[in-house]
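Morning, everyone. Let me put the structure up, and then I'll walk you through it.

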Amino acid sequence: MEDSAMDSTPESAGPEGALFSMTDVFLFSLIIGLLSYWFLFRKKKEEIPEFTKIQPITTSARESSFVEKMKKTSRNIVVFYGSQTGTAEEFANRLSKDAHRYGMRGMAADPEEYDLSDLSRLSEIDNSLAVFCMATYGEGDPTDNAQDFYDWLQETDVDLTGLKFAVFGLGNKTYEHFNAMGKYVDKRLEQLGAQRIFEVGMGDDDGNLEEDFITWREQFWPAVCEHFGVEATGDESSIRQYELVVHTDINMNKVYTGEMGRLKSYESQKPPFDAKNPFLAPVTLNRKLNQAGERHLMHLELDISGSKIRYESGDHVAVYPANDTTLVNQIGEILGADLDTIMSLNNLDEESNKKHPFPCPTTYRTALTYYLDITNPPRTNVLYELAQYATDLGEQEHLRKMASSAAEGKTLYLSWVVEARRNILAILQDVPSLRPPIDHLCELLPRLQARYYSIASSSKVHPHSIHICAVVVEYETKTGRLNRGVATTWLKNKVPSENGHKLTVPMYVRKSQFRLPFKASTPVIMIGPGTGIAPFVGFVQERAWLKQQGKEVGETVLYYGCRHENEDYLYREELSQFHKEGALTQLNVAFSRDQAQKVYVQHLLKRNKEGVWRLIHEGNAHIYVCGDARNMARDVQNAFYEIVAEFGSMTQPQAVDYVKKLMTKGRYSLDVWS
């Protein structure tokens with residue numbers, strides 16, 4: 001009964017019981033939902049995370065402090081260098097080595113590696129002095145490694161009272177902004193309260209930079225002595241900066257074979273690519289441009305596929321060349337050295353940031369081939385250091401005299417070394433008793449520098465290829481020797497083989513200010529004789545491409561010059577085609593030697609002076625000049641002065657000011673070399 005009654009209860013209450021059960025479930029779900037929302041989605045009070053207190057990173061700060069380093073190593077002179085080709089760095093090293101002769105201790109320093117705001121603390125060191133060897137690059141620009149220093153000088157208002165300084169500038173008088181960087185640093189440091197202890201030096205690479213430096217240096221040190229009350233010790237002995245270590249048992253995977261930075265970087269290429277990590281670009285084309293004549297003008301194409309390298313028309317491509325193996329072998333032979341010896345040159349100053357003069361360990365053969373400059377005439381400091389190894393006293397005196405600051409010595413150095421273009425091999429050949437240890441020679445020779453070429457292509461048309469236009473340098477010296485340009489001779493031999501094997505060129509791109517106008521509709525006037533045509537090939541390619549894209553493109557005018565129409569008219573077919581298609585509005589070509597009276601690009605400019613003035617004055621045209629700085633660029637600039645004076649109804653000074661203002665506004669750009 002009870003069992004049956006219990007069984008029957010749910011049945012008798014069927015509908016009511018089912019409703020209660022569903023309501024119960026609903027309420028239960030609602031409560032669960034509300035609780036879930038409360039815990040998961042309500043706006044929480046923002047918690048303030050607890051951070052552990054970060055300790056100041058004193059190590060890296062001290063590492064970037066040249067003052068701390070000087071205190072630690074008992075130095076009182078620091079010589080900063082702004083260097084693009086290595087000369088300013090070389091001069092800085094020479095000045096820092098000089099210091100010991102005056103009872104002082106010097107250190108050469110790359111401003112890129114240190115915090116220059118520390119200049120305000122240099123006076124914490126007794127008898128301290130900061131020297132700046134500053135090269136000017138391009139159109140009055142700082143060198144790459146001095147860019148941050150330059151920016152800091154422009155922005156800072158730091159008080160440099162108590163800082164003693166001196167500046168030596170490296171420039172070239174053929175350029176518009178001669179020694180701009182040296183002058184600026186000298187002026188700005190004084191404005192910030194620093195005390196100049198010796199007048200700024202003005203080195204001129206168009207004249208004799210070495211002599212300018214020596215002349216400044218021989219007056220600089222007496223001024224230092226007088227200011228600090230010190231005297232020369234009279235110690236003129238040679239001091240080695242590096243010690244030789246020969247490796248007899250070393251893993252060859254740890255030996256440098258020509259890399260500029262990271263070991264094995266040429267075997268496993270990794271972007272980004274720059275001066276310390278160049279890209280090995282295969283040469284896909286190497287053709288001779290000129291039809292006849294003694295010179296060899298060439299067009300090369302470098303494949304940059306997969307490198308992620310980007311470039312713009314007007315940029316420069318830097319290539320790292322290699323020295324002629326014949327010259328390298330002759331040096332090894334004359335010195336009786338085993339060029340395949342694996343060695344390292346280690347800095348005796350353990351605190352120095354520069355551990356080796358070039359990548360080590362390596363072989364003498366690799367060093368002389370890829371790392372050292374063996375073709376330029378050596379500077380006087382190299383002759384001075386090498387003189388001790390000449391066993392013939394007459395020859396020793398000859399070398400020492402050329403390295404001296406005496407007028408007779410300077411004249412002898414100029415005629416016997418510079419004008420005769422004697423490189424280190426020629427000197428060893430002409431001074432038979434001079435047989436220095438090869439390791440000391442390698443220590444003294446400057447680094448082989450990258451060579452820069454204006455890119456002769458547009459990335460809009462050739463995104464995976466960079467084109468170079470160059471002339472092979474080859475000339476006979478006064479001693480009857482045949483000297484060849486390192487890079488152009490090396491590039492000439494980079495010819496792709498028929499079996500598809502491509503030779504490579506270590507390269508990177510250096511950005512330039514030589515740029516087409518932002519608006520394609522702006523007219524351009526381009527003046528580029530000889531290989532100065534290079535960037536304009538890229539400019540015209542780009543303007544033609546813009547036209548194809550339907551853009552409004554302004555007048556594109558080219559003034560090109562060469563010696564003979566049938567010999568060295570570069571890119572003749574390409575330029576003719578661009579002119580025919582309208583990408584080139586005007587193609588004006590001066591053949592300087594096809595008639596009795598020489599005709600140059602400046603003559604054609606003056607011939608078309610009315611049209612030139614219209615483009616400049618009414619069309620707001622941008623002017624571009626590329627090529628020789630010493631003569632052509634100056635003559636072209638003078639032609640513009642004449643045109644502006646005549647059609648702008650201005651006096652000569654007003655015309656000069658007008659053209660200078662075009663430069664300031666970026667409407668008159670130069671890409672020139674001397």
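One term to start: a residue is buried under 20% relative accessible area, exposed over 50%, and partly exposed in between, using a 1.4 Å probe and protein chains only. By that rule, buried residues make up 49% of the 674 residues in the protein.

Now the ground rules. This is a predicted model, so local features need pLDDT of at least 70, side-chain atom pairs count only at pLDDT 80 or more, and totals for chains, interfaces and linings use all residues. Residues are numbered from 1 along each chain as its sequence is written, and side-chain values use heavy atoms, with hydrogens and water left out.

How confident is the predictor? pLDDT is its confidence in each residue, from 0 to 100. The protein averages 90, and 90% of the residues score at least 70. Contact here means heavy atoms within 4.5 Å. Residues 40-62 also stay under 50, and the model gives that stretch 4 contacts beyond four places in sequence. Where pLDDT is low, the predicted coordinates should not be read in detail.

On to the overall picture. The protein has 22 helices and 23 strands. Both are DSSP runs, numbered from the N terminus: helices are H or I, at least four residues, and strands are E, at least two. Take the contacts with a separation of 6 or more: residues 24 or more positions apart account for 75% of them. The accessible surface comes to about 33,500 Å², and 50% of that belongs to carbon and sulfur atoms. That area is from the Shrake-Rupley method with a 1.4 Å probe; for residues, only the protein chains shown count as cover.

Next, sheets. Strands of a sheet pair through backbone hydrogen bonds, either parallel or antiparallel. Here, two strands pair if DSSP finds at least two bridges between them.

For angles, axes are lines fitted to C-alpha atoms, for helices over the stretch in contact, and values run from 0 to 180 degrees between N-to-C directions. Inside this sheet, β19 (524-527) and β22 (622-628) share 4 bridges. Ile527 has Val625 of β22 as its bridge partner.

Another open sheet is antiparallel, with 6 strands in the order β14-β11-β18-β9-β10-β15. Its edges are β14 (451-454) and β15 (465-471), each with a single partner strand. The twist here averages 40°. β11 (316-319) and β18 (504-510) are joined by 4 bridges. Ala318 has Tyr508 of β18 as its bridge partner.

Lys164 lies in strand β5 (164-171). Leu129 is 35 residues away in sequence, yet 5.1 Å away, C-alpha to C-alpha. The Lys164 side chain makes a polar contact with the His227 side chain, at 3.3 Å. That means N or O atoms within 3.5 Å; within protein, one must be able to donate a hydrogen and the other to accept it, and residues adjacent in sequence count only if both atoms are side-chain atoms.

Last, Ser96, in helix α5 (87-98). Is Ser96 buried or exposed? Buried, at 11% relative accessible area. A polar atom of its side chain lies 2.9 Å from the backbone oxygen of Asn93. Beyond four places in sequence, Ser96 contacts Val79, Gly106, Met107 and Ala108.

Conventions:
pLDDT is the predictor's confidence in each residue, from 0 to 100.
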